[in-house]
Amino acid sequence: MVRGLYTAWLGLRNEERRMDVVSNNMANADTTGFKKIDATAQSFDRQLAVKINDETEGVDLIRGIGGVTLGVKIGETFFDMSQGNFRATDNQYNFALAGNGFFTISTTNKAGETSTKYTRDGDFTVTQDGFLVTKDGDFVLDNGNNRIQIPDANIVDISVNENGEIYSGNNYVARLGLVDFESYEALESYGENMYQPVDGAVQIEANATVTQGYLEMSNVNMVTEMVDMIQISRAYETNQKMVQAIDQTLEKAVNEIGRV
């Protein structure tokens, strides 16, 4: 294989992946609690190139002529967990987290299997039975991993302090289950704006405080994403031109030099 073609192809693949990440960020710029995703890349390890059967000096030598690389290596994606701006909603079931931490959510998949996920999206509501749920109907859990049920939720105002303690009138109901993780590299996207831990994830106490009547907005900066999109497009075009140049060189080698 022509090394230049392989290098350019890897560049195209990497830019396609970066474009997917940027497009996803831009599509979720208005998603409550969404955290932008960044992608990493690095070069392949350099390999020693050598001359073989070189008799220019009268002796058959194998001589090193320097290092070569096969281009870009596609790296990992990671979450940017920086704080988003708050937007006032005056909805008593909307909560924003200031600081590090996640709400704890109980989800049930199509097979009926229940598991615990985590989110920064505090856009909650209540069911007719008074259970605190997400927009998709998943149950919000307290600090004991129990479903939160608010008595007379539809007729009594609730209040939530910065520690996440919920009161219905003057009666204590529950405390929101807030958790954090030692490393966010141990989290992966689950979908529905939630995260799930992978093997080796270490759960720690959250230091986030709760603000009632507000929502944390996405931390995506549209201007930055647009600039990145332009840079990615230019890098993609550069790799395309490299493929075209090598293709033209090979065509000449076959059709012109090959006839000599």
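The legends below describe close-up views of a predicted model.

**View 1. Helix H1 and its buried residues.** Helix H1 runs over residues 3-27 and comprises 25 residues, with a reach of 36 Å from its first C-alpha to its last, which is close to the 36 Å expected at 1.5 Å a residue. The buried residues of H1 include Ala 8, Leu 10, Gly 11, Leu 12, Val 21, Val 22 and Met 26, and among them are also Asn 14, Glu 15, Arg 17 and Asn 25.

View 2. Arg 18 and Glu 15 form a salt bridge, in which the closest N and O atoms are 2.9 Å apart. The two residues are three apart in helix H1, so that about one helical turn separates Arg 18 from Glu 15. Arg 18 is partly exposed, with a relative accessible area of 27%, whereas Glu 15 counts as buried at 8% relative accessibility.

**View 3. The salt bridge between Lys 35 and Glu 216.** Lys 35 is buried, with a relative accessible area of 1%, and Glu 216 counts as buried at 0% relative accessibility. Lys 35 and Glu 216 are linked with Arg 120 in a network of salt bridges.

**View 4. The salt bridge between Lys 135 and Asp 123.** The closest N and O atoms of Lys 135 and Asp 123 are 3.9 Å apart in this salt bridge. Lys 135 lies in the loop between strand E10 (132-133) and strand E11 (139-140), while Asp 123 lies in the loop between E8 and strand E9 (125-126), so the pair ties together parts that are 12 residues apart in sequence. Lys 135 is exposed, its relative accessible area being 54%. For the model, the count of salt bridges comes to seven.

**View 5. The largest pocket and its lining.** The largest pocket holds about 300 Å³ of space, and of the 20 residues that line this pocket, Asn 143, Arg 175, Leu 176, Gly 177 and Leu 178 are the closest to its centre. At least two residues of the lining are supplied by each of strand E8 (114-119), strand E15 (178-181) and strand E18 (203-205). By residue class, the lining of the largest pocket divides into six nonpolar, 10 polar and four charged residues.

Technical notes
Residues are numbered from 1 along each chain as its sequence is written. This is a predicted model: local features need pLDDT of at least 70, side-chain atom pairs count only at pLDDT 80 or more; totals for chains, interfaces and linings use all residues. Side-chain values use heavy atoms; hydrogens and water are left out. Helices (H or I, at least four residues) and strands (E, at least two) are DSSP runs, numbered from the N terminus. The expected span of a helix is 1.5 Å times one less than its number of residues. Buried means under 20% relative accessible area, exposed over 50%, partly exposed in between (1.4 Å probe, protein chains only). On a 1 Å grid over the protein atoms alone, a cavity is a set of points where a 1.4 Å probe fits but cannot get out, and a pocket is an open set with protein on both sides within 12 Å along at least five of seven lines; lining residues have an atom within 4 Å of a point. Grid points are joined across faces, edges and corners, and a volume is the space filled by probe spheres set on the points. Ala, Val, Leu, Ile, Met, Phe, Trp, Tyr, Cys and Pro count as nonpolar, Asp, Glu, Lys and Arg as charged, and the others, Gly among them, as polar. A salt bridge is a side-chain nitrogen of Lys or Arg within 4 Å of a carboxyl oxygen of Asp or Glu.
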